[in-house]
Amino acid sequence: MKIKGWQISLFFLFLTGALFAFDIRKPSGREVFITYGWDDYLKNNAQYVHHTIGMNFCYPLPWKNFQFQLEPFGSLVSSPDVNAEVGLVFFIKYTFPLKFPVKPYVRGGSGIIFITQETEEQSTQFNFASQSGYGISIDIGKDRYLLIEYRNRHISNSDIKEPNSGIDSYIWLLGFGSSF
């Protein structure tokens, strides 16, 4: 059985039922970041390269060390042609509770993405983006921290229209976070 992007999005929406207990307009923290991502496996032997800027709005969940994150982002696609991406992804993030300035974390989520790049892999411009990330948070004082992360991202249209083989990206992220 193949899991589709909309199924993952629905799962995370149900998982975050606790979100109704807080005000979405008042996040407890934010993270700003830049990324470099690529996919070497497009059918026409081109490389899909994107450069992203985005922000995570962070909300604590009732479970210790878990956060819900809302991530709006925009990307410049530099290959195979100059194009753009814009999207919104929902994440669940878990930070390992270490008494040390360097803390590992994992996050996963899914959301929507609009891509202007036409590829043989995707027949639609509106797609779903499912991601998982593995990184470290480095405390730099006064509720501020640096982020270094590696992500995997899969874009597909959830079989809305063929072709739908997807675009799988490998992403390096560098960011800065702080509490409000």
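A pocket, in these legends, is an open set of grid points with protein on both sides within 12 Å along at least five of seven lines, and a volume is the space filled by probe spheres set on the points. Please keep in mind throughout that the model is predicted.

**Figure 1. The protein chain with its 1 helix and 8 strands.** Start here to get your bearings before the close-ups. Read from the N terminus on, the elements run α-β-β-β-β-β-β-β-β. The protein chain has 180 residues, and buried residues make up 43% of them.

**Figure 2. The largest pocket and its lining of 19 residues.** The space in this pocket comes to about 380 Å³. Nearest its centre lie Gln 67, Thr 95, Ser 137, Tyr 145 and Ser 179. At least two lining residues come from each of strand 1 (29–39), strand 2 (48–60), strand 3 (66–79), strand 4 (83–95), strand 6 (126–141), strand 7 (144–156) and strand 8 (167–179). Strand 6 gives the most, with 3 residues. By class, the lining divides into 9 polar, 6 charged and 4 nonpolar residues.

**Figure 3. The largest cavity, with about 80 Å³ of space.** Searching the whole structure turns up 1 cavity of 30 Å³ or more. Its lining consists of Phe 33, Thr 35, His 50, Thr 52, Glu 71, Phe 73, Ser 75, Gln 131, Arg 151, Arg 153 and Ile 171. Strand 1, strand 2, strand 3 and strand 7 are the elements that give two or more residues to this lining, and strand 3 has the largest share, 3 residues. Sorted by class, the cavity lining holds 5 polar, 3 nonpolar and 3 charged residues. Two of the lining residues, Phe 33 and Arg 151, also meet as a charge and a ring: the charged end of Arg 151 sits over the ring of Phe 33, 5.5 Å from its centre.

**Figure 4. Strand 6 between its two antiparallel partners, strand 5 and strand 7.** Strand 5 (residues 102–115) is joined to strand 6 by 13 bridges. Within this pairing, Pro 104 has Ile 136 of strand 6 as its bridge partner. The pairing of strand 6 with strand 7 also runs over 13 bridges, and here Gly 135 stands opposite Glu 149 of strand 7. Strand 6 and strand 7 form a hairpin with 2 residues between them. Look for Lys 142 in that turn, where phi is positive at about 50°.

**Figure 5. Strand 2 with strand 1 and strand 3, paired in the antiparallel sense.** Strand 1 and strand 2 are joined by 11 bridges, with Ile 34 opposite Ile 53 of strand 2. Between strand 2 and strand 3 there are 10 bridges, and His 50 stands opposite Val 77 of strand 3. The hairpin of strand 2 and strand 3 has 5 residues between the strands, and Asn 65 takes a positive phi near 70° in it.

**Figure 6. Cys 58, a residue of strand 2.** Is Cys 58 buried or exposed? Residues under 20% relative accessible area count as buried, so Cys 58, at 1% relative accessibility, is buried. The C-alpha atom of Cys 58 is separated by 9.2 Å from that of Lys 26, and the two residues are 32 apart along the chain.

**Figure 7. Aromatic pairs, with a look at Trp 38 and Tyr 170.** In total, 9 aromatic pairs are counted. Trp 38 and Tyr 170 form a tilted one, 6.0 Å centre to centre with 50° between the planes. This pair links distant parts of the chain, since Trp 38 belongs to strand 1 and Tyr 170 to strand 8, 132 residues apart. Tyr 170 has a relative accessible area of 26%, so this residue counts as partly exposed: the cut-offs for that class are 20% and 50%.

**Figure 8. A ring cluster of Trp 63, Phe 66, Tyr 94 and Phe 96, and a charge over Tyr 105.** Ring pairs link the four members of the cluster. For the charge and ring in this legend, the charged end of Lys 93 sits over the ring of Tyr 105, 4.3 Å from the ring centre.

Terms used
Residues are numbered from 1 along each chain as its sequence is written. This is a predicted model: local features need pLDDT of at least 70, side-chain atom pairs count only at pLDDT 80 or more; totals for chains, interfaces and linings use all residues. Side-chain values use heavy atoms; hydrogens and water are left out. On a 1 Å grid over the protein atoms alone, a cavity is a set of points where a 1.4 Å probe fits but cannot get out, and a pocket is an open set with protein on both sides within 12 Å along at least five of seven lines; lining residues have an atom within 4 Å of a point. Helices (H or I, at least four residues) and strands (E, at least two) are DSSP runs, numbered from the N terminus. Ala, Val, Leu, Ile, Met, Phe, Trp, Tyr, Cys and Pro count as nonpolar, Asp, Glu, Lys and Arg as charged, and the others, Gly among them, as polar. Two strands pair if DSSP finds at least two bridges between them. Rings of Phe, Tyr and Trp (its six-membered ring) pair if their centres lie within 6.5 Å; planes under 30 degrees apart count as stacked, over 60 as edge-to-face and the rest as tilted. Buried means under 20% relative accessible area, exposed over 50%, partly exposed in between (1.4 Å probe, protein chains only). A charge sits over a ring if NZ of Lys or CZ of Arg is within 6 Å of the ring centre and within 35 degrees of the ring normal.
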